[in-house]
Amino acid sequence: MEKRFIKEAYHFYLLLSKYNASHHTDEDMEKMQYTLLRENHVIEKGMSMRNPRKGFGQKKVANLLKRLQKYFELYSDRDKEFLKYPLSTIKQYIEYTEANGVKVDGIKSEFNKLSEHFKPSEIQSKAGIQDVSKKSILARCNSNFESLLFSRHSIRYFSKEPVEKDIIIKALELAQRTPSACNRQGWKTHVFTDDKSVELMNWQGGCHGFENELRYSILVTANLKAFLSYEVHQAYVDGGLYAMNLINALHSLGLGCIPLSCGFEYEKLQGLEKFGIPENEVPIVIIAFGNLQDKFRVAVSTRKDINLTNTFH
């Protein structure tokens, strides 16, 4: 049994060493694209906050432009189209920042140099942020599956209206319909409210500037006791399936929510002990949620065309 664990762990180590995006990032076009999308989304998130700091993010945008320029030099002959989305985000950032009375001439100059390689109409795709209303969400979130998916957004601020416990229980009951390997249902959920939820947000660390907005949250975990020696990743598969169903369940009930990553190093994950999470449960994701405001902003988060993510065999 121990040999099997070591074999699986060693094989996964080899895959990580070869393919993880932290290694030789800019030497691989796909790795560079994924990390650029990550950096681009940081800018979108910043603009979608309730009260973003005036002139925020200039250093991040300048660094993103440098990497986009490097990408153009390395890979524009293979996939120049990729640049349209981040450039559209930066265009919105410039307009948004200057509308708030902050000049970003250096950023604007670098953006203009890079965008010269495209027609102006090509840097007009949906990116950055958009205004959304509670009324429009409630009209679409529970009519059919397509409307459910297309009306869902990651929400970063909520109304002060409390969430009724019955609604939380209903969402958990709906998510319980998630399929799992051999119907083992190895997921676990931990609901946090008020200051305890904010404390969990501070531990997670990825919601600086809006952690105090997140007064309700659910930590989804998976119980390692549910899986066998050759199923070393199945906990994350089953837990991920459950988490997505829970997100959609919350949305279908008219609540806003946002998933927050638990992809951290072991030392940080040990900090979950103070929240009463046992060692045999691996964290999958934190889902923060709440009642919607009448009007709010969200990141557009443009999705890739399926031709870029699918292969018919």
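Trainee: Left-handed or right-handed: in which kind of crossing does H3 pass H5?
Mentor: Quick heads-up: this is a predicted model, where local features need pLDDT of at least 70, side-chain atom pairs count only at pLDDT 80 or more, and totals for chains, interfaces and linings use all residues. Residues are numbered from 1 along each chain as its sequence is written, and side-chain values use heavy atoms, leaving out hydrogens and water. A crossing is left-handed if the near helix is turned anticlockwise from the far one by less than a right angle, and right-handed if clockwise. For H3 passing H5, the crossing is left-handed.

Trainee: How do the axes of H3 and H5 lie to each other?
Mentor: Helices (H or I, at least four residues) and strands (E, at least two) are DSSP runs, numbered from the N terminus. Axes are lines fitted to C-alpha atoms, for helices over the stretch in contact, with angles from 0 to 180 degrees between N-to-C directions; H3 (residues 58-79) and H5 (residues 105-115) cross at roughly 20 degrees, their axes coming within 10 Å. Angles under 35 degrees count as roughly parallel, over 145 as roughly antiparallel, 65 to 115 as roughly perpendicular and the rest as oblique. H3 and H5 are therefore roughly parallel.

Trainee: How many residues of the contact of H3 with H5 are nonpolar?
Mentor: Contact means heavy atoms within 4.5 Å, and residues making it include Leu65 and Phe72 of H3 and Phe111 of H5. Ala, Val, Leu, Ile, Met, Phe, Trp, Tyr, Cys and Pro count as nonpolar, Asp, Glu, Lys and Arg as charged, and the others, Gly among them, as polar. With 2 polar and 1 charged, the nonpolar count is 8.

Trainee: And H2 with H4, how many charged residues are in that contact?
Mentor: H2 (residues 29-47) and H4 (residues 84-99) cross at roughly 30 degrees, which makes H2 roughly parallel to H4. Contact residues include Leu37 and Met47 of H2 and Tyr85 and Tyr96 of H4. Next to 7 nonpolar and 3 polar, the number charged is 1.

Trainee: What word describes how H8 and H10 lie to each other?
Mentor: H8 (residues 165-175) and H10 (residues 234-252) pack with axes 8 Å apart, at an angle of about 135 degrees. H8 passes H10 in a right-handed crossing, and the contact includes Leu172 of H8 and Tyr242 of H10. Given that angle, H8 and H10 are therefore oblique.

Trainee: How many residues apart in sequence are the parts tied together by Tyr216 and Phe289?
Mentor: Rings of Phe, Tyr and Trp (its six-membered ring) pair if their centres lie within 6.5 Å; planes under 30 degrees apart count as stacked, over 60 as edge-to-face and the rest as tilted. The structure holds 9 aromatic pairs; the rings of Tyr216 and Phe289 have centres 5.8 Å apart and planes at 35 degrees, so this pair is tilted. Tyr216 lies in strand S3 and Phe289 in strand S5, so the distance in sequence between the parts is 73 residues.
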